[in-house]
Amino acid sequence: MTASVAIRLAIRADAIALADLSAKTFYDTFAGSTSAEDMTAYLAAAFSVAQLQAELNDPCSTFWLAEAGDRLTGYAKLRQKGSVPDAIDGPSPLELQRLYVRRDCLRQGIGSALMQACLDA
């Protein structure tokens with residue numbers, strides 16, 4: 001991993017930056033296989049600041065952020081028991097719901113560091 005990248009838990013104040021990062025990384029990943037109309041609708045619904053604020057306030061959600069300086073480079077989202085699919089059982093199931101890294105930051109170990117933070121959690 002690049003030495004200047006740090007992994008930390010997201011806080012409520014990260015909602016705007018997380019909404020921007022979420023929309024950008026989702027767009028970069030799926031724009032080639034999704035119509036422009038569908039993409040616009042999904043981004044507005046799934047990654048609005050209000051939606052990300054709600055997710056950050058949800059006690060069943062945990063976000064890990066990767067950042068270099070003042071720039072977010074990636075993120076991961078975990079969902080806890082009570083919010084994971086019914087087919088998942090066990091005493092404390094978790095779901096890795098999202099893991100995205102900025103396209104220009106790929107192959108720097110950021111995804112691996114985010115995954116390790118999730119495994120450690």
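The model is predicted. Helix α1 spans residues 15-30 and helix α3 spans residues 49-57. Helix α2 takes in residues 36-46. The buried residues of α2 pack against both α1 and α3.

**How α1 meets α3**

- Helices α1 and α3 pack at an angle of about 115°. Their axes lie 8 Å apart.
- That angle makes α1 roughly perpendicular to α3, because the class runs from 65 to 115 degrees.
- The crossing of α1 past α3 is right-handed.
- On the α1 side, the contact is made by Ala15, Ile16, Leu18, Ala19 and Ser22. On the α3 side, they meet Val49, Leu52, Gln53 and Leu56.
- Of the residues in this contact of α1 with α3, 7 are nonpolar and 2 are polar. No charged residue takes part.

**The two sides of α2**

- Met39, Leu43 and Ala46 are the buried residues listed for α2.
- Viewed down the axis of α2, its buried residues fall within an arc of 85°, so they line one face of the helix.
- The face turned away from that buried side carries exposed residues. These are Glu37, Thr40, Ala44 and Ala45.
- The partners of the buried residues of α2 are the helices α1 and α3.

**Ser22, a buried residue of α1**

- Ser22 belongs to helix α1.
- Ser22 has a relative accessible area of 0%. Ser22 therefore counts as buried, since the cut-off is under 20%.
- Ser22 is one of the α1 residues that meet α3.
- Setting aside residues up to four places away in sequence, Ser22 touches Phe47, Leu52 and Tyr75. Of these, Leu52 is in α3 and is listed in the contact with α1.

**Tyr27, a partly exposed residue of α1**

- Tyr27 also sits in helix α1.
- The relative accessibility of Tyr27 is 44%, so Tyr27 counts as partly exposed. That class lies between the cut-offs of 20% and 50%.
- Leaving out neighbours within four places in sequence, Tyr27 is in contact with Met39 and Leu43. Both Met39 and Leu43 are buried residues of α2.
- Tyr27 and Gly69 are 42 residues apart in sequence. In space they are 23 Å apart, C-alpha to C-alpha.

Terms used
Residues numbered from 1 in each chain as written. Predicted model: local features only at pLDDT ≥ 70, side-chain atom pairs only at ≥ 80, totals over all residues. Heavy atoms only, no water. Axes fitted to C-alpha atoms, helices over the stretch in contact; angles between N-to-C directions. Helix = DSSP H or I, 4+ residues; strand = E, 2+ residues; numbered from the N terminus. Parallel < 35°, antiparallel > 145°, perpendicular 65-115°, else oblique. Left-handed = near helix turned anticlockwise from the far one by under 90°. Contact = heavy atoms within 4.5 Å. Nonpolar A, V, L, I, M, F, W, Y, C, P; charged D, E, K, R; others polar. Buried < 20%, exposed > 50% of the residue type's maximum accessible area, 1.4 Å probe, protein only. Arc of directions from axis to C-beta.
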